[in-house]
Amino acid sequence: MAEKPSAREVTDGRSENGGAAAAAVPLLRKPRPKRSLARHVLPGAGFALVTAAILFVLLGPGGSKEEQSSSINADVYSGELTPLQGHAAFFDRNKDGIIYPAETYQGFRAIGAGVVLSAVAAVFINGGLGPKTIPENEKTSPFKLPIYVKNIHKGKHGSDSGVYDANGRFVPEKFEEIFKKHAHTRPDALTSKELQELLQANREPKDFKGWLGGFTEWKVLYYLCKDKDGFLHKDIVRAVYDGSLFERLEKERKTKESTKKK
């Protein structure tokens, strides 16, 4: 009866056979996967679009007082403004009745927003509101994205709090309702969670543009104006509805800058 080979012998045999087989087969490098053209082009294209948008905002029309000061649309300031018009007027930096993306950018920078946030906000706000506010007989390039202050009420989106009525007037009852329904932690302030609850409650079915508009407005306000404990106070929210908050924030920023220089 033949003896069974030991485990060591079997292992040695396999090693030898495996080594011979390995020596007989040349080593082949795995081919590198070909990178698609899209992986090279798309990131560059995305960066180019963002850069172009920012340059459009920074260098686009609306920054020159000489070009815009004679606009007949400045007549809106000859009478009493609605609260919504007053809210928008802060961003009309040369008070000609028309807000261009460059002015929206300047306004956001004036209240302390960063370059990227200001640029994105300018393109988003003017792109969303501008076409709705252009007067019927007005001839203007849609690519300039102007917002006409006198028609700002036409840019009102759905899924909002209803604090502005259809004509841009302030509705006190709707304002108080925000805090009665959603200010659970403190009666005069909103937390981030309570703000999200407010946005959810305001949403109308399938009104995706309204959802996005409301989300952007409230989140930017919360980001810029919440206190160190994460509360967005009632007086801050009230001031944003008539635009007085923007004036206050600009003065505070200028004061801080002048203090630093000293």
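This is a predicted model: local features need pLDDT of at least 70, side-chain atom pairs count only at pLDDT 80 or more; totals for chains, interfaces and linings use all residues.
**View 1. A salt bridge between Glu250 and Arg93.** Here the two side chains meet at 2.9 Å, N to O. The partners come from distant parts of the chain, 157 residues apart: Glu250 belongs to helix α11 (residues 244-261), while Arg93 sits in the loop between α4 (83-89) and β1 (98-99). Glu250 counts as buried, at 11% relative accessibility, whereas Arg93 is partly exposed at 28%.

**View 2. Glu250 again, now with Lys254.** This salt bridge runs 3.7 Å, N to O. Both residues lie in helix α11, four residues apart, or about one turn of the helix. In an α-helix there are 3.6 residues a turn, so residues three or four places apart point the same way. Lys254 is partly exposed, with a relative accessible area of 46%. Through shared partners, salt bridges join Arg93, Glu250 and Lys254 into one network. The whole structure holds 10 salt bridges.

**View 3. A salt bridge between Asp229 and Lys228.** The side chains of this pair meet at 3.6 Å, N to O. Asp229 and Lys228 are both exposed.

View 4. Val120 has its place in helix α6 (residues 115-133) and is exposed, with a relative accessible area of 52%.

Key: Residues are numbered from 1 along each chain as its sequence is written. Side-chain values use heavy atoms; hydrogens and water are left out. Helices (H or I, at least four residues) and strands (E, at least two) are DSSP runs, numbered from the N terminus. Buried means under 20% relative accessible area, exposed over 50%, partly exposed in between (1.4 Å probe, protein chains only). A salt bridge is a side-chain nitrogen of Lys or Arg within 4 Å of a carboxyl oxygen of Asp or Glu.
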